[in-house]
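These are some notes for a colleague who has the model open alongside the text. They take up the helix packing, the metal site, a sheet and a single residue in turn.

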Amino acid sequence: MLDLAIRGGTVVTAADVSRCDVGIREGRVVAFGEAVGEAVETIDAAGLLVLPGGIDSHVHLDQYSGDDVVMADGFETGTRSAAAGGNTCVIPFALQRRGESLRASVEAYHAKAKGKALVDYSFHLIVTDPSPAVLGQELPALVKDGYTSFKVFMTYDDLVLSDRQLLEVFDVARAEGALVMVHAEGYDGIKFMADRLERRGETAPFFHSTSRPELVEREATHRAIAHAELIGIPIMIVHVSGREAIEQIEWARGRGLRIYAETCPQYLMLTADDLKGLNMDMSGAKYVCSPPPRDQASQDAVWRALQNGVFQTFSSDHCPFRYDDPAGKTGPKARTSFRWVPNGIPGVAARLPILFSEGVKKGRISLQQFVALTATNHAKMYGLYPKKGSIAVGYDADIALWDPDKAVTLTQDLMHHGSDYTPYEGLEVTGWPVRTMVRGHTVFVDGAVTGEAGGGSFVARGPSGMI
Ligand code: URP
Ligand code: ZN
Ligand code: ZN
């Protein structure tokens with residue numbers, strides 16, 4: 001006898017679309033076919049798509065963001081928002097602060113998450129201080145423990161690594177078989193631009209975008225690729241914003257290099273003009289993220305790259321701050337210059353509806369591409385496969401039931417996050433999650449979050465980069 005049967009729906013995987021039932025026992029898919037037998041509970045999925053739950057492999061939760069700044073989501077509200085957006089697993093970051101042990105940082109993030117999450121989660125590491133002990137002992141040991149991916153930054157005062165440090169971290173990744181995620185924006189170019197803009201009195205949030213033009217992303221992307229080629233490793237370029245970085249990635253692929261890439265909803269739906277707010281007021285801060293949103297030509301390039309396989313993953317880069325809050329986007333320091341506006345926007349709940357509506361519904365990508373970009377490739381890229389990321393016998397029953405025809409206007413209320421705004425307010429989408437299930441347990445249904453804090457579990461991961 002099954003615990004649960006989902007009957008009459010259309011199951012979509014990265015490979016196939018099929019009309020069949022799904023049988024679930026003890027949190028896993030155990031049957032898949034035209035008729036899966038008796039079950040204690042049945043869900044009628046007629047007219048619905050049965051999708052692998054979204055895996056969002058780029059979110060920031062309860063991450064230290066400066067002494068005067070507080071991230072708007074911890075593990076409870078962040079994963080509540082994830083569940084409301086059809087996601088069943090997230091991979092946030094464990095940030096090493098300079099001078100700290102990497103192992104201690106990981107333990108600290110485990111403590112932050114314990115008993116809080118509604119969906120399953122794992123951690124990438126952020127390496128900011130690659131000391132001999134980190135490179136020689138901590139990183140190798142953590143990779144062996146299942147932290148098989150880490151992020152490095154080429155910008156931000158507190159996070160940036162020198163080229164030599166990047167090469168050292170890349171070399172450990174090579175030795176241990178881990179995947180490095182690279183934030184590719186050039187530190188010095190940005191600093192130079194920011195200083196010059198401030199001297200001119202150009203300090204409104206909009207000038208954040210002027211200080212980080214596409215060419216600083218292009219240059220850093222090229223440099224990261226060169227470093228990866230020198231060391232002989234694959235890397236993942238995260239949050240790629242537009243045409244110029246895409247050209248670098250395509251060039252590298254043409255040379256036979258394994259350069260992976262991720263993009264995010266903000267690079268499809270926003271442009272630099274959004275940062276102007278109302279007459280260059282502080283409301284532009286709602287859209288300040290890095291890299292900044294670009295222009296229509298870059299949006300078109302990002303769509304093309306999603307269609308033709310340049311991007312493996314579509315993530316939210318959910319990095320939420322409150323707008324109307326001194327510890328958020330409009331704090332006293334942030335009001336003096338764009339330089340101090342916390343970087344990042346919320347998006348974990350909006351990611352799937354945006355890509356479904358703008359991508360699948362508008363005929364830009366197929367249903368299977370949607371599943372690959374939002375779930376399967378994340379699982380393959382970050383060592384969650386073949387446990388998560390698809391619907392097949394033996395997999396965790398992480399499932400989103402999706403109404404492909406439901407028309408919804410995105411509003412703050414629907415996001416269920418800790419931020420006080422959504423950058424996508426008023427956006428009309430078609431297609432919406434009606435039920436989200438984590439290992440067979442319903443955590444969100446018909447607009448209500450039903451999951452409980454602590455229902456989500458930490459997931460140890462296998463090797464990353466297996467795509
Ligand atoms: O602006 C952004 N993206 N903030 C989040 C941190 C990062 O670089 O991913
Ligand atoms: Zn980044
Ligand atoms: Zn990020």
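1. A crossing of two helices is called left-handed if the near helix is turned anticlockwise from the far one by less than a right angle, and right-handed if it is turned clockwise. With that convention in mind, and remembering that this is a predicted model, the crossing of α11 and α12 is right-handed.

2. Which residues coordinate the zinc ion (ligand 2)? The donors are NZ of Lys151, ND1 of His183 and NE2 of His239, at 2.1 Å, and along the chain they follow the spacing K-x31-H-x55-H. Distant parts of the chain are linked here, since His183 belongs to strand β14 (residues 179-183) while His239 lies in the loop between β15 (235-237) and α8 (243-254), 56 residues apart. The zinc ion (ligand 2) is 4.0 Å apart from the zinc ion (ligand 3).

3. Are the two histidines of this site buried or exposed? Buried means under 20% relative accessible area; His183, at 1%, is therefore buried, and His239, at 2% relative accessibility, counts as buried too.

4. The model also contains an open sheet of three strands, in the order β8-β9-β11 and with parallel pairing. Strands β8 (54-56) and β11 (120-121) stand at the edges with a single partner strand each, so one side of each is left without a neighbour in the sheet. Between β8 and β9 (residues 87-90), the parallel pairing runs over three bridges, and Ile55 stands opposite Cys89 in β9.

5. Ser149 deserves a separate look, being placed in strand β13 (residues 149-153). Its relative accessible area is 0%, and Ser149 is therefore buried. Once neighbours within four places in sequence are left aside, Ser149 is in contact with His124, Leu125, Leu179, Met181, Tyr382, Arg461 and Ser464.

Methods
Residues numbered from 1 in each chain as written. Chains lettered and ligands numbered in written order. Predicted model: local features only at pLDDT ≥ 70, side-chain atom pairs only at ≥ 80, totals over all residues. Heavy atoms only, no water. Donors = N, O, S within 2.8 Å, 3.2 Å for Na, K, Ca; no water. Helix = DSSP H or I, 4+ residues; strand = E, 2+ residues; numbered from the N terminus. Buried < 20%, exposed > 50% of the residue type's maximum accessible area, 1.4 Å probe, protein only. Pairing = 2+ DSSP bridges. Contact = heavy atoms within 4.5 Å.
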